[in-house]
Amino acid sequence: MSTPDYSQLGFTSIRVELDGAVAVVTLARSKQRNTFSGDLVVDLIKAFDLFDRDDRVRVVVLTAEPTAPAFCAGADLSGGWGGMFREEDEKEGEHAHRDSGGQVAMAIFRCRKITISAVNGHAVGVGITGLQLPFDIRFVWAGARLAFPFVRRGIAPEASSSFLLPKLLGNSCALSLFLTGQTVTPDSPLISGLYHTILPTREEVFPAALALAKDLAANTSQTAAAVTKALVWHGFDSIEEQHIVDSRAIRVLGRSGDAAEGALAFKERRAPRFTDTLSKLAPWMPWWKEVNVTHRKSKL
């Protein structure tokens with residue numbers, strides 16, 4: 001694959017810039033409060049698929065423009081809920097629908113690079129479920145208003161959030177947030193555990209996230225980070241099975257160039273210079289069963 005020039009890929013709802021080994025994605029729909037539109041869905045899926053395969057990218061940071069009235073004010077409902085459904089859904093039936101928020105969440109979740117969401121504004125609905133939950137690390141402004149208002153709008157949670165939120169916060173907090181639909185701030189005991197850092201001003205959020213991103217890009221192994229993410233999210237139900245898969249991870253990575261460099265850097269008391277890339281990682285991942293979510297058409 002040729003190296004992508006992110007400025008020439010025709011994105012209309014986001015801006016993508018490479019800051020060294022950090023890909024910075026900025027939501028660019030401030031006038032629409034960064035609502036979740038069809039164009040944004042296409043842009044984000046394309047971008048995160050490329051980040052996953054681009055060896056130059058070690059960390060991805062998503063944020064909004066600092067002057068935007070919201071980080072993401074939820075779904076674009078200018079056309080009503082019906083605007084969320086495709087012609088194929090109507091023709092094939094309800095089983096054919098694939099939630100666009102979930103498609104974005106899966107694209108982010110499946111990205112093997114370290115992902116950080118820098119939430120520098122208010123976030124509602126998919127602004128949390130699709131643009132925060134599937135990320136590895138989240139920074140947030142203390143004054144942000146956050147809500148999962150689905151039951152108050154007559155719909156169910158989307159963007160695979162009924163899987164992600166209980167995994168991240170536990171069933172008790174997830175149910176309280178989902179079933180009350182109440183607006184909370186990041187320091188609420190219901191949601192504070194979601195965030196790596198809560199910053200007092202919105203202007204501090206992106207710089208703090210970028211600083212961590214640069215530190216991780218410089219000082220962590222791209223392959224070790226990817227395998228670690230997979231061990232956490234695609235582990236097994238017993239300690240014995242997990243022991244087998246993490247033993248293999250140690251065996252594979254322990255003979256890698258990055259492992260040798262990490263040990264040498266520690267011995268020499270210097271910063272590591274990791275060079276291993278995912279494109280050259282031994283093909284033993286995935287060890288889990290991947291599900292094809294594409295609907296198979298049954299009608300002409």
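A: Let's start at Gly170, which comes just after helix α5 and takes a positive phi of about 95°. Helices are DSSP runs of H or I with at least four residues, and strands are E runs of at least two, both numbered from the N terminus. This is a predicted model, with residues numbered from 1 along each chain as its sequence is written. Local features need pLDDT of at least 70 and side-chain atom pairs 80 or more, while totals for chains, interfaces and linings use all residues; side-chain values use heavy atoms, without hydrogens or water.

Within α5, Ser161, Leu164, Leu165, Pro166 and Leu169 are buried (under 20% relative accessible area; exposed is over 50%, partly exposed in between; 1.4 Å probe, protein chains only). Those buried residues pack against α3, α4 (126–129), α6 (171–180) and α8, where contact means heavy atoms within 4.5 Å.

Two of these neighbours, α3 (100–110) and α8, join α5 (161–169) and α1 (38–53) in each giving two or more residues to the lining of the largest pocket. The top contributor is α3, with 6 residues. The pocket holds about 970 Å³ of space and has 33 lining residues, with Phe109, Arg110, His234, Trp288 and Glu290 nearest its centre. On a 1 Å grid over the protein atoms alone, a pocket is an open set of points with protein on both sides within 12 Å along at least five of seven lines, a cavity is a set where a 1.4 Å probe fits but cannot get out, and lining residues have an atom within 4 Å of a point. Points are joined across faces, edges and corners, and a volume is the space filled by probe spheres set on them.

Asp258 is buried without a salt bridge, and Arg58, the nearest side chain of opposite charge, is 5.4 Å away. Lys and Arg count as positive and Asp and Glu as negative, leaving out His and chain ends; a salt bridge needs a side-chain nitrogen of Lys or Arg within 4 Å of a carboxyl oxygen of Asp or Glu.
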